[in-house]
There are 2 protein chains.
Amino acid sequence: MRMIKWQNGVVITPDQTKLPLEEITLQITTVDQMCEAIKVLRIRGAPLLGAAAAFGIALKAYHSKATNTKRLLVELEAAATSIKATRPTAVNLFWAADRVINKARSFQGGKIEELKTLVISEAQKIADEDAAQNHAIGKNGATLVKDGDTILTHCNAGELCAVEYGTALGVVRAAWEQGKKIKVFADETRPLLQGARLTAWELMRDGIPVTLITDNMAAHIMSKGLVNLVVVGADRVVQDAVFNKIGTYGVAVLAKEHKIPFYVAAPKSTFDLAHKAAEITVEERKPEEVTHIAGKQIAPSGVSVFNPAFDATPLQFVTGIICEDGIYCKADFAKFKSGRS
Amino acid sequence: MRMIKWQNGVVITPDQTKLPLEEITLQITTVDQMCEAIKVLRIRGAPLLGAAAAFGIALKAYHSKATNTKRLLVELEAAATSIKATRPTAVNLFWAADRVINKARSFQGGKIEELKTLVISEAQKIADEDAAQNHAIGKNGATLVKDGDTILTHCNAGELCAVEYGTALGVVRAAWEQGKKIKVFADETRPLLQGARLTAWELMRDGIPVTLITDNMAAHIMSKGLVNLVVVGADRVVQDAVFNKIGTYGVAVLAKEHKIPFYVAAPKSTFDLAHKAAEITVEERKPEEVTHIAGKQIAPSGVSVFNPAFDATPLQFVTGIICEDGIYCKADFAKFKSGRS
């Protein structure tokens with residue numbers, strides 16, 4: 001199912017803050033609306049953010065009143081700047097916005113309608129490519145999944161984080177579609193509960209067995225031999241680490257202690273091999289995400305809170321990275337330092 | 001501050017399910033009320049449960065209409081059976097109930113009022129001893145805390161889990177009272193948020209710096225070098241492991257990976273060296289504790305949930321156990337198998 005669609009100047013996508021209790025479809029027509037949707041996580045997940053960024057610029061192209069291509073390009077660049085300022089960690093946002101802008105800058109013709117069409121079709125291409133990549137990731141990853149396996153996942157690296165099919169949950173889906181009898185444990189993923197709200201919801205919708213746990217139960221189920229495989233997504237893969245939702249690093253340490261393979265599923269668009277972990281800004285979000293749940297206060301007023309949205313899992317904890325063009329293993333990680341993959 | 005008090009046939013204690021938003025004092029006068037309070041966690045924490053069990057039997061003694069000591073003993077034994085059926089994991093509950101009943105059984109006189117007084121004073125003695133033990137644990141543990149340390153704790157092993165002062169937070173308090181400039185990170189401790197609700201509340205009340213994190217942030221703060229020491233409580237110490245709130249074992253694995261000392265603070269009444277971890281029943285609680293927070297649904301209706309209340313941390317992950325009579329280290333653990341401590 002397509003999680004983000006372009007329909008004559010309207011971007012259509014589910015409001016992920018409302019799931020699982022309400023299934024509300026957003027109809028986004030302006031860059032401001034797109035930025036708001038990204039900031040408050042109505043749209044989230046690295047691959048989906050790439051498509052959202054591209055479609056955000058496409059919205060500007062479609063609705064622009066500019067009368068010449070030079071003026072339109074200035075508007076598109078302003079749109080890209082706004083979108084790139086929404087959230088700092090997922091590289092797809094920057095990558096997709098830059099790709100659309102570079103395409104627009106490379107435009108040689110003079111007709112403004114042609115430039116508009118070029119921008120919109122580049123955004124659509126990014127979305128289509130992402131969908132295809134997720135299916136390829138699923139197919140590659142499914143080779144690692146044995147009949148009867150129980151897979152632990154963290155956060156939501158599912159259809160809801162991607163244009164279609166999902167990354168980590170793409171692996172789960174592909175194995176399930178091959179007839180493998182598998183089960184999933186979903187970490188609820190505090191503070192924003194993407195595991196409880198989104199992963200549980202989309203797996204239940206597809207009839208794939210899922211059991212919800214709180215994040216701090218992962219060690220216990222591993223020690224009881226209830227987990228064979230961990231698969232998570234990624235927000236950014238750098239030379240020496242994988243950035244993903246806060247809590248991922250902890251799961252990786254636990255997997256190592258219990259000798260359980262720990263895989264990351266992510267498209268190459270998530271790779272940023274020009275950087276090391278120490279160079280990446282980790283988004284810190286507001287304390288209310290921790291002190292309040294679903295609008296209810298659960299901690300003392302005025303308590304000090306630390307709320308990083310992501311953590312870095314050093315590559316030595318990663319068994320492999322499942323991409324659209326294959327599975328990268330320890331030997332490949334050594335090459336990452338030179339910017340190659 | 002005394003967390004549980006006996007006042008002429010009434011047990012007075014805070015309702016911990018209402019904290020931190022409401023400070024409500026329970027006045028318990030019957031065994032049924034005491035059992036309900038324990039079951040729904042109005043009263044919780046291993047040492048406090050010991051005192052609560054003892055005072056629960058004392059309530060029966062105080063209010064009994066029995067006309068002879070034999071009849072009263074039957075009633076006291078029935079009360080103990082009800083109290084021991086409330087929750088399966090914390091050993092203090094069983095230990096304290098048995099101690100009061102054994103005291104009653106040993107009664108040689110004939111006057112019913114003397115038996116009543118004996119039972120009530122034994123319960124009071126258990127509470128007083130626990131208070132004294134917590135102060136001793138604090139003093140012993142404070143020798144491990146250096147000026148400037150940041151201590152991570154999980155769940156609430158504070159004044160609210162004990163009759164007075166606290167176990168893990170007793171260590172924090174003692175170090176703070178010695179003038180050491182320390183800080184605490186409190187894991188929120190899903191599902192029931194004892195860290196967010198209780199630990200944060202009591203440390204803020206006492207002016208001790210505390211920062212709240214979600215459970216899955218512990219690995220991140222350790223990797224950033226922000227934690228020097230982990231101190232947690234215990235619900236039961238057996239020959240080969242420490243049972244404590246779910247998530248404790250995960251913190252222990254993370255501490256090992258980051259070479260951070262991991263201490264358990266617990267009175268000897270928590271020791272049950274007659275058993276091994278594999279023999280202990282771990283309480284599984286209802287799914288709604290995971291799917292709902294503060295009455296709000298946060299997961300899809302009907303989702304499968306696993307909700308164990310405790311986990312077992314094998315002793316090889318434990319640097320030491322801080323008790324009222326000293327700190328037990330690796331060499332002492334070897335003796336636990338023979339039932340000695």
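## A helix pair in chain A

In H2(A), the residues Ala46(A), Pro47(A), Leu49(A), Gly50(A), Ala53(A), Ala54(A) and Ile57(A) meet Asn92(A), Leu93(A), Ala96(A), Ala97(A), Val100(A) and Ile101(A) of H4(A), where contact means heavy atoms within 4.5 Å. By class, this contact has eleven nonpolar, two polar and no charged residues; Ala, Val, Leu, Ile, Met, Phe, Trp, Tyr, Cys and Pro count as nonpolar, Asp, Glu, Lys and Arg as charged, and the others, Gly among them, as polar.

The axes of helix H2 (residues 46-63) and helix H4 (residues 91-105) of chain A come within 7 Å and cross at roughly 30 degrees, with axes fitted to C-alpha atoms, for helices over the stretch in contact, and angles running from 0 to 180 degrees between N-to-C directions. H2(A) and H4(A) are therefore roughly parallel to each other, a term used for angles under 35 degrees. Helices (H or I, at least four residues) and strands (E, at least two) are DSSP runs, numbered from the N terminus.

## Basis of the model

This is a predicted model, in which local features need pLDDT of at least 70 and side-chain atom pairs count only at pLDDT 80 or more, while totals for chains, interfaces and linings use all residues. Residues are numbered from 1 along each chain as its sequence is written, chains are lettered from A and ligands numbered from 1 in the order in which they are written, and side-chain values use heavy atoms, with hydrogens and water left out.

## Sheets in chains A and B

Two bridges join S8(A) to S9 (residues 241-245) of chain A, and Val237(A) has Val242(A) as its bridge partner in S9(A).

In chain B, three strands form an open antiparallel sheet in the order S1-S2-S3. Three bridges join S1(B) to S2 (residues 10-14) of chain B, and the bridge partner of Lys5(B) in S2(B) is Ile12(B). Helix H2 (residues 46-63) of chain B packs on this sheet, touching S1, S2 and S3 of chain B, and its direction makes about 5 degrees with that of S1(B).

## Domains of chain A

The domain assignment of chain A gives domain 1 (5-135) and domain 2 (145-336), with bounds that come from an automatic or database assignment. Their centres, taken over C-alpha atoms, are separated by 25 Å, and 28 residues of domain 1 of chain A are in contact with 31 residues of domain 2 of chain A.

Technical notes. Angles under 35 degrees count as roughly parallel, over 145 as roughly antiparallel, 65 to 115 as roughly perpendicular and the rest as oblique. Two strands pair if DSSP finds at least two bridges between them.
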